[in-house]
Amino acid sequence: MENKVFLTQTDTTIGFVSQNADKLTKIKQRPPHKHYIKAVNSLHTLKTFARVPQKHRNRVRRSKKTTFIMPNTNSYHM
């Protein structure tokens, strides 16, 4: 499944999804340096990718269908 690209319904539109960023970049013809939004299912998963400050953890934990953009320009959708 890691090398496959799927066309699927997303929050607002239809889009491509894949776990292989290189294939997705090639299909979408987008600049290779541009970051993708990573979908995470919990605060615990998000903490494996980025540090969440203590004062924001409760807000992140309770969020629904929210995208968080970090200072390093990485984005995470919960």
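His77 sits in strand S5, which covers residues 75-77; helices (H or I, at least four residues) and strands (E, at least two) are DSSP runs, numbered from the N terminus. The model you are looking at is predicted, so local features need pLDDT of at least 70 and side-chain atom pairs count only at pLDDT 80 or more, while totals for chains, interfaces and linings use all residues. Residues are numbered from 1 along each chain as its sequence is written, and side-chain values use heavy atoms, with hydrogens and water left out.

Is His77 buried or exposed? With a relative accessible area of 18%, His77 counts as buried, because buried means under 20% relative accessible area, exposed over 50%, and partly exposed in between (1.4 Å probe, protein chains only). Setting aside residues up to four places away in sequence, His77 touches Asp11, Ile37, Lys38, Ala39, Val40, Lys65, Thr66 and Thr67; a contact here means heavy atoms within 4.5 Å. The side chain of His77 also reaches the backbone oxygen of Thr66, at 3.5 Å. That pair is a polar contact, a pair of N or O atoms within 3.5 Å; within protein, one must be able to donate a hydrogen and the other to accept it, and residues adjacent in sequence count only if both atoms are side-chain atoms.

Now step back to the whole chain. It has three helices and five strands, and their order along the sequence is β-β-α-β-α-α-β-β. Taken along the principal axes, the C-alpha atoms fill a box of roughly 40 × 25 × 20 Å. Of the 78 residues in the chain, 26% are buried. Among the contacts with a separation of 6 or more, 25% are between residues 24 or more positions apart. The chain exposes about 6500 Å², and carbon and sulfur atoms supply 53% of that area; accessible areas come from the Shrake-Rupley method with a 1.4 Å probe, and for residues only the protein chains shown count as cover.

Next comes the open space. Rolling a probe the size of a water molecule over the atoms shows where empty space is left. The largest pocket holds about 1000 Å³ of space. A pocket is found on a 1 Å grid over the protein atoms alone, as an open set of points where a 1.4 Å probe fits, with protein on both sides within 12 Å along at least five of seven lines; lining residues have an atom within 4 Å of a point. Grid points are joined across faces, edges and corners, and the volume is the space filled by probe spheres set on the points.

Which residues lie nearest the centre of the largest pocket? They are Val17, Tyr36, Ile37, Lys38 and Ala39, out of 30 lining residues. Strand S2 (14-18), helix H1 (21-28), strand S3 (37-39) and helix H2 (43-49) each give at least two residues to this lining, and H1 has the largest share, with five residues. By class, the lining has 10 nonpolar, 14 polar and six charged residues; Ala, Val, Leu, Ile, Met, Phe, Trp, Tyr, Cys and Pro count as nonpolar, Asp, Glu, Lys and Arg as charged, and the others, Gly among them, as polar.

Let us follow H1 from one end to the other. Asn20 is in the loop between S2 and H1 and is buried, with a relative accessible area of 16%. Asn20 caps the N-terminal end of H1, with a side-chain oxygen 3.1 Å from the backbone nitrogen of Asp22. The side chain of Asn20 also makes a polar contact with the side chain of Asn3 (3.1 Å). Just after H1 comes Gln29, with a positive phi of about 50°. Gln29 is found in the loop between H1 and S3 and is exposed, at a relative accessible area of 72%.

The loop between helix H3 (54-62) and strand S4 (67-69) holds Ser63, which is buried at 12% relative accessible area. The side chain of Ser63 reaches the backbone oxygen of Val60 at 2.8 Å. Leaving aside neighbours within four places in sequence, Ser63 is in contact with Phe68 and Met78. Lys65 also belongs to the loop between H3 and S4, but Lys65 counts as exposed, at 69% relative accessibility. Phi of Lys65 is positive, near 50°, in a residue other than glycine.

Our last stop is Thr73, in the loop between S4 and S5. Thr73 is partly exposed, with a relative accessible area of 48%, and has a positive phi of about 75° although it is not a glycine.
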